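Have a look at the sequence and the 3D picture, then read on.

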Amino acid sequence: MSNLVEQLRVMDTPYEPGSQDRIIRFRALRGKSATLYKIWVYLEGSSLPFVNKVTYILHPTFPEPERIVTRTITNQNCQLVIWAWGTFTLQAVVEDKQGKLTRLDHYLTFGEEITSAQNDPNVKFEKARYND
């Protein structure tokens with residue numbers, strides 16, 4: 001297998017992957033004046049079939065900042081859903097089928113998408129419930 005770093009990348013978006021709907025979900029941060037956005041983080045690239053699992057290392061302010069996502073038939077791109085109010089650099093430690101670990105750093109870019117969506121009449125901002 002060739003180098004995973006060259007054939008995989010971490011992506012993030014406030015839009016549900018695979019959906020044609022242009023909906024950004026948000027909610028207020030309890031007890032704060034900040035807004036949380038629902039963000040999808042996932043892997044993309046030609047080496048996905050060789051991935052066993054990913055450990056996403058989030059900002060230390062997250063509850064359980066290390067999240068393990070195993071690649072399955074129903075989650076082939078190791079998708080993780082988080083609620084975030086700001087951008088930061090996360091790490092994705094990818095384990096391939098042979099147990100080799102590869103670390104990918106990714107600065108979240110969803111903030112740019114949210115900013116540009118505010119003037120787009122085709123994007124709907126939807127207030128989410130806390131169990132979404």
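## Before we dig in

This is a predicted model, where local features need pLDDT of at least 70, side-chain atom pairs count only at pLDDT 80 or more, and totals for chains, interfaces and linings use all residues. Residues are numbered from 1 along each chain as its sequence is written, and side-chain values use heavy atoms, with hydrogens and water left out.

## The sheet

Now for the setting of that pair. Strand E7 covers residues 89-96, and it pairs with E8 in the antiparallel sense over seven bridges. (Strands here are DSSP runs of E, at least two residues long, numbered from the N terminus; two of them pair if DSSP finds at least two bridges between them.)

Zoom out and you'll find four strands in an open sheet, in the order E5-E4-E7-E8, with antiparallel pairing. At the edges sit strand E5 (66-70) and strand E8 (101-107), each of which pairs on one side only. Neighbouring strands of this sheet are turned by 20° against each other on average, direction ignored. (For such angles, axes are lines fitted to C-alpha atoms, and angles run from 0 to 180 degrees between N-to-C directions.)

## A salt bridge across the sheet

On to the charged side chains. A salt bridge means a side-chain nitrogen of Lys or Arg within 4 Å of a carboxyl oxygen of Asp or Glu, and by this rule the count comes to five.

One of them joins the side chains of Glu95 and Lys53, at 4.0 Å from N to O. Glu95 lies in strand E7 and Lys53 in strand E4 (residues 51-57), so the pair ties together parts that are 42 residues apart in sequence. Lys53 has a relative accessible area of 26%, so it counts as partly exposed. (Buried means under 20% relative accessible area, exposed over 50%, and partly exposed in between, using a 1.4 Å probe and protein chains only.)

Another salt bridge links Glu126 and Arg25, at 3.4 Å from N to O. Because Glu126 belongs to strand E9 (residues 124-127) and Arg25 to strand E2 (residues 23-28), this pair ties together parts that are 101 residues apart in sequence.

Glu126 also forms a salt bridge with Lys124, where the closest N and O atoms are 3.6 Å apart.
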